[in-house]
Amino acid sequence: MKGKEYFVLYNYLNPSILDKGNQEHHANNYFIQECFSRKERVDKEQLIELYHEMLYDSAALGSEELIGPFQDKSQLNRFCQELLQKLKGSKVFLFSTSDFNSNIQKSDNIKDLEELFINSNEVIINQKIKNKPSFLQKFFD
Amino acid sequence: MEEVCPGPRVLVPINWAFHTENGEDFDFSEKKPETDLELLVSRAKEIGKEIIFLLPVGPAPFLTNCGVPHFLARNFAKDLNGQNKFVIDADGNINKIFSFFDPRIFKGYSRFVHFLGQYFRSKKLNNQILGMRSGYLKEKKMISYIEDHSDIFLNAFSKYLEGEKQIQETKNIEEYNFLSPLFKEKELRRNFTQTIQSFYIDEASRNLSKNWDGALTFSFVGGGPEDFFNKFSAQEEITNYSRSLFDSLSLDVIPSTLLVNEEIKKGVLCRQYKDIVEETYLPIALGRDLYVDEHLSLFKDMHFFEVFRNLSNEGNCWDKQGLYEYLDIQFPRVYKIKETENFKYHDEEEENPVIKFIQARNLDLKKFNQLIKTFLMGGKIIVDRSGLDPDLSKKLESFLLENSIHTQKVRALTDINYSVLGMGGLLCYEGDLIQELSQSNKVEFWKKLISMFEKNHAQVIRDPKVEFFWRKRAATTNELNYEEIRRLNIYNPSSYKQKCKVLLESKFAIIKVNGENNSHVQTGPSEINIDLLPKSQVIIDLGLFE
């Protein structure tokens, strides 16, 4: 059965960020702008909560509308993996602002856009669901 | 036509892209019969309808490419995050927004309105044409679709900045020097955007002068960037749309539900739209039906307060003083938010006096004079004195002294000076001190301040999803006991039962209550209790005694 699939829109920015000593500095970082599926829009509060659980020691949030910062792509991917566990989703399709822009350019309606989203090159698969043995596997094991 | 537009007027948007394939030739029926505007006008006339044309003067979110012909749709408009701007229409189509700062679009638009003007003149069409500015609402602000942060905007903006710099150098203007660079940039970006918007309006007005009747602003419910995610995720909520519809009232813009799917808008949202737009705002905006006859006068918009703000430094004023929060609790839906640049005394204010809130830091000499004139003509004004120009401050003091205007001084959290002249009232306080107060003290402050002005109002206490709005009309010859008649429309757009209570002052009498869908209304001498069933509406008419 096809599980819940989510789309994560991220951005690469260099906003001013407050470090632990409340000093402002600029660094290039990834930020999540939105997480949604065809059936739900993930609440920003939920994303912020998970962010703090996972990256409690990291720098403070740069903006209310963006979730982050994530220092590199692997940190962003790990966050998406955790998110999948929490939401019990099967996949996250990640796309940047420029991917989003090119998808918007190519599509005429929401259906076309969804097709393009699920053809994204960046896909995170829920490892727990992926590794979960199927009923028949369990039977033969 | 009768089925789609049952009223006496039909608003027809003119779609630029529909009339040209290449930008050189324009078709008004020569090739495609459906482009024949003259035929449309005459057919409408046959069934007793009047066509009013709406000409977009920027992106029109309900049209493919937001109205830009395909051969000019090259440069996307972008938001602050660098994302391409677009709108999802009622059928799930993506209407892309292209930069109206692109000189090729302006050139093409000029050419189109030139031919459109020629067509109207040659066919002797005398129908009204209104310019259509489009946008959406976000946190009590109207965001225009013409706003842009793309490279094409930035290129044009840098040229504009150079020009502004030269003007300032030649005139030796230093007015911006005391402002922060961020403020300056925001202000200049806004000015530049407005300048470009006015180019489109001027071009249309010049070419269509005989038919042109000004430009109206429309806010598109479901047309914000957030709405894309809600529409994609099937999370559209009728209550959000309903709120947005009512929020448009406080900004005096005409709401449109064109981007909302038919399935969602049928029922309560459709009724709200009819009551707010078709029956109240549109006739006023079009200058029609203000007076039908003595027995059937139209219910008009009603508000008690006008809050004047300066969009560029909005962050530091009324919000921080807790004014909006107070008004949203005590006087929801009876206040308007306006721009200080539009602050002016109007003659009709004598009939409908409202209390105006002004920030002195936003006043120049011209606006200051308008303020004094409003006070002299019996207007009531609450002025946050913080940041008042020292010269204007002296002028104000000498005006009060020279005219021996009695001023009461009270100390309540800040110094309050209240000057009275006939019907006029001028109340000054120091707003910067209010910003420092706790939220409860802010509420207490506004309560005291506003209680100094007499108002006759029935307060509505309701569950959060309940929406309502007030209208009023003059009493007819059969209603001479009353000064005026007020109509309260209450709606429950949610799928749950909701409660609402109307507190009546002694000056009110209930004239008529129309419940719908078995909603339960219980009337008492000092209050009306209403149980609203899902998707229902109640209309209450109250008479206000003299």
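Visitor: How many helices and strands does chain A have?

Guide: Six helices and seven strands. The model is predicted. From the N terminus on, the order in chain A is β-β-β-β-α-β-α-β-α-α-β-α-α.

Visitor: How do you know whether the radius of gyration of chain B agrees with a compact globule?

Guide: Set the value against the globule rule, 2.2 Å times the number of residues to the power 0.38. For 546 residues the rule puts a compact globule near 24 Å, and chain B has 25 Å, so the value agrees. The C-alpha trace of chain B spans about 70 × 70 × 45 Å along its principal axes.

Visitor: What share of each chain counts as buried?

Guide: The test is 20 or more other C-beta atoms within 10 Å. In chain A, 29% of the 141 residues are buried. In chain B, 34% of the 546 residues are.

Visitor: Why is strand S14 of chain B called hardly covered?

Guide: Because burial needs 20 or more neighbouring C-beta atoms within 10 Å, and the count of buried residues among the seven in S14(B), residues 406-412, is zero.

Visitor: What makes S14(B) and S15(B) a pair?

Guide: Pairing takes at least two bridges. Seven bridges join S14(B) to S15(B), residues 414-421, and the strands run antiparallel. The two therefore pair. One of the bridges links B:Arg411 to B:Asp415 in S15(B). The strands form a hairpin with one residue between them. In the turn, B:Leu413 has a positive phi of about 70 degrees.

Visitor: Which residues have the most contacts inside the largest nonpolar core?

Guide: A:Val8, A:Cys80, A:Val92 and B:Ile358, in a core of 142 residues.

Visitor: How do you know what B:Ile358 touches?

Guide: Contact means C-beta atoms within 7 Å. Leaving out residues up to four places away in sequence, B:Ile358 touches B:Phe308, B:Phe343, B:Leu363, B:Leu371, B:Ile381 and B:Val383.

Visitor: How many residues does each chain give to the contact between A and B?

Guide: Chain B gives 17 residues and chain A gives 19. On the chain B side, helix H5 (225-232) and strands S3 (86-88) and S4 (94-96) each give two or more. H5(B) gives the most, with four residues. By class, that side has six nonpolar, nine polar and two charged residues.

Notes. Residues are numbered from 1 along each chain as its sequence is written. Chains are lettered from A and ligands numbered from 1 in the order in which they are written. This is a predicted model: local features need pLDDT of at least 70, side-chain atom pairs count only at pLDDT 80 or more; totals for chains, interfaces and linings use all residues. A nonpolar core is a set of buried Ala, Val, Leu, Ile, Met, Phe, Trp, Tyr and Cys residues joined through C-beta atoms within 7 Å. A residue is buried if 20 or more other C-beta atoms lie within 10 Å of its own, exposed if 12 or fewer, and partly exposed in between; C-beta atoms are placed from the backbone. Two residues are in contact if their C-beta atoms, placed from the backbone, lie within 7 Å. Ala, Val, Leu, Ile, Met, Phe, Trp, Tyr, Cys and Pro count as nonpolar, Asp, Glu, Lys and Arg as charged, and the others, Gly among them, as polar.
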